[in-house]
Amino acid sequence: MSSKKPQLSFLLPPAPLRVGGLDVAINGLADALGTAGWKVSLIEEASPLPSATELLHIHGIWRPKAARMAKEATRNGIPYLVSPHGM
């Protein structure tokens, strides 16, 4: 059995868009997944997708960077999920 931790990357929206407790929710989920054995990366929109990513979580669907990251994930065979948050 492999001891490698699965890698989850969260694409963070810009700070002005993280209202209504989104930071609390993301950090809480990241902590819970870390406890469950996942390696979690919180990545800003300007950052590249970490090469070890096995699952991408995108918050929001109308940001151009979110669309580019989804396409990059698809090209690399990385599954992703989207939380639209009030859209």
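Guide: Apart from its neighbours within four places in sequence, H57 is in contact with L8, S9, F10, L11, L81 and S83, where contact means heavy atoms within 4.5 Å. The model is predicted: local features need pLDDT of at least 70 and side-chain atom pairs count only at pLDDT 80 or more, while totals for chains, interfaces and linings use all residues. Residues are numbered from 1 along each chain as its sequence is written, and side-chain values use heavy atoms, with hydrogens and water left out.

H57 belongs to strand β3. Helices (H or I, at least four residues) and strands (E, at least two) are DSSP runs, numbered from the N terminus. With a relative accessibility of 8%, H57 counts as buried; buried means under 20% relative accessible area, exposed over 50%, and partly exposed in between, with a 1.4 Å probe and protein chains only. Of the 5 residues of β3, 4 are buried, so the strand is largely enclosed by the rest of the structure.

Strand β3 covers residues 55-59 and pairs with β4 in the parallel sense over 4 bridges. Two strands count as paired if DSSP finds at least two bridges between them. The bridge partner of H57 in β4 is L81. β3 also pairs with β1, again in the parallel sense and over 4 bridges. There, L8 has L55 of β3 as its bridge partner. Strands of a sheet pair through backbone hydrogen bonds, either parallel or antiparallel.

The sheet as a whole is open and has 4 strands in the order β2-β1-β3-β4, with parallel pairing. Its edges are β2 (39-43) and β4 (80-83); each has a single partner strand, so one side of each is left without a neighbour in the sheet. From one strand to the next, the twist averages 20°. Axes here are lines fitted to C-alpha atoms, for helices over the stretch in contact, and angles run from 0 to 180 degrees between N-to-C directions.

Two helices pack on this sheet. Helix α1 (residues 22-35) touches β1 (7-11), β2 and β3, and its direction makes about 155° with that of β2. Helix α2 (residues 64-75) touches β1, β2, β3 and β4, and its direction makes about 165° with that of β3.

Leaving aside neighbours within four places in sequence, L56 is in contact with L8, S9, L11, L49, M69, A73, I78, P79, Y80 and L81. L56 is also part of the largest nonpolar core, which has 10 residues: L11, I43, L49, L56, I58, A66, M69, A70, A73 and I78. A nonpolar core is a set of buried Ala, Val, Leu, Ile, Met, Phe, Trp, Tyr and Cys residues joined through side-chain atoms within 4.5 Å. β3 and α2 each supply at least two residues of this core, and α2 gives the largest share, 4 residues. A second, separate core has 7 residues, among them F10, L12, L22 and A30.

G77 lies in the loop between α2 and β4 and is exposed, with a relative accessible area of 63%. From C-alpha to C-alpha, G77 and L55 are 9.6 Å apart, and 22 residues apart in sequence. W38, in the loop between α1 and β2, is partly exposed at 27% relative accessible area. Leaving aside neighbours within four places in sequence, W38 is in contact with K5, P6, Q7, L8, L33 and L55.

From the N terminus on, its elements run β-α-β-β-α-β. The radius of gyration is 13 Å, close to the 12 Å that the globule rule gives for 87 residues, so the chain is as compact as a globular protein of that length. This radius is taken over C-alpha atoms, and the rule is 2.2 Å times the number of residues to the power 0.38. The C-alpha trace spans about 40 × 30 × 20 Å along its principal axes. Of the 87 residues, 33% are buried.
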